[in-house]
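This briefing goes through one protein chain, topic by topic. Keep the sequence and the 3D view open while reading.

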Amino acid sequence: ADSTVLAYVLSELNKRHKYGLDLFLLSIDEGITGYRDDSLETVKRNELQYGLPLKIVSYKDLYDWTMDDIVKAIGLKNNCTFCGVFRRQALDRGAALLKVDKIVTGHNADDIAETVLLNILRGDI
């Protein structure tokens with residue numbers, strides 16, 4: 001939802017104020033059964049609604065394995081850490097494929113508070 005709102009706001013501002021930005025939608029498919037399906041459908045609708053080109057980059061295409069494959073190999077412990085690192089790299093690689101020089105992600109204060117709290121609980125400050 002945060003990324004959808006961000007895409008809408010940037011698209012509208014770009015049109016209203018004639019900023020001349022070339023905007024793209026970039027989505028990552030981690031390959032977690034049932035996890036990303038709804039948001040991938042949403043971003044496909046956003047592509048049509050906002051008239052913005054969409055690039056979906058998958059772990060399978062980039063790394064030749066999915067998060068489901070990784071979990072089978074390493075178990076559930078620390079899989080979120082693996083996924084987070086791979087996701088950030090996938091965003092960088094997707095940006096390179098689109099030849100863009102800025103990535104903007106939708107986050108809210110709750111996302112930030114959750115990350116800070118998780119890091120404190122893990123002793124990673």
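The crossing of helices H4 and H5 is right-handed. The model in view is a predicted one.

**The H4 and H5 pair**

- Two packed helices are described by the angle between their axes and by the distance between those axes.
- For H4, which covers residues 67-74, and H5, the angle is about 145° and the axes are 10 Å apart.
- On the H4 side, the residues that meet H5 are Met67, Ile70, Val71 and Ile74.
- On the H5 side, their partners are Asn79, Phe82, Cys83 and Phe86.
- Sorted by type, the residues of this contact are 7 nonpolar and 1 polar, with no charged residue.

**The chain as a whole**

- The chain has 125 residues, and buried residues make up 26% of them.
- It contains 6 helices and 2 strands.
- Read from the N terminus, the order of these elements is α-β-α-β-α-α-α-α.
- Along the principal axes, the C-alpha atoms fill a box of roughly 50 × 35 × 25 Å.

**Ser27 in strand E1**

- Ser27 is part of strand E1.
- Is Ser27 buried or exposed? Its relative accessible area is 11%, so Ser27 counts as buried, the cut-off being under 20%.
- With neighbours within four places in sequence left aside, Ser27 is in contact with Leu40, Val43, Leu54, Lys55, Ile56 and Val57.

**The largest pocket**

- The volume of the largest pocket is about 2100 Å³.
- Its lining has 50 residues, and those closest to the pocket centre are Ser3, Arg87, Leu91, Thr105 and His107.
- Which elements give two or more residues to this lining? They are helix H1 (2-16), strand E1 (25-29), helix H2 (37-50), helix H5 (79-98) and helix H6 (109-121).
- H5 gives the most to the lining, with 10 residues.
- By type, the lining residues divide into 24 nonpolar, 15 polar and 11 charged.

Definitions and conventions
Residues numbered from 1 in each chain as written. Predicted model: local features only at pLDDT ≥ 70, side-chain atom pairs only at ≥ 80, totals over all residues. Heavy atoms only, no water. 1 Å grid on protein atoms, 1.4 Å probe; cavity = no way out; pocket = protein on both sides within 12 Å on 5 of 7 lines; lining within 4 Å. Points joined across faces, edges and corners; volume = space filled by probe spheres on them. Helix = DSSP H or I, 4+ residues; strand = E, 2+ residues; numbered from the N terminus. Nonpolar A, V, L, I, M, F, W, Y, C, P; charged D, E, K, R; others polar. Buried < 20%, exposed > 50% of the residue type's maximum accessible area, 1.4 Å probe, protein only. Contact = heavy atoms within 4.5 Å. Axes fitted to C-alpha atoms, helices over the stretch in contact; angles between N-to-C directions. Left-handed = near helix turned anticlockwise from the far one by under 90°.
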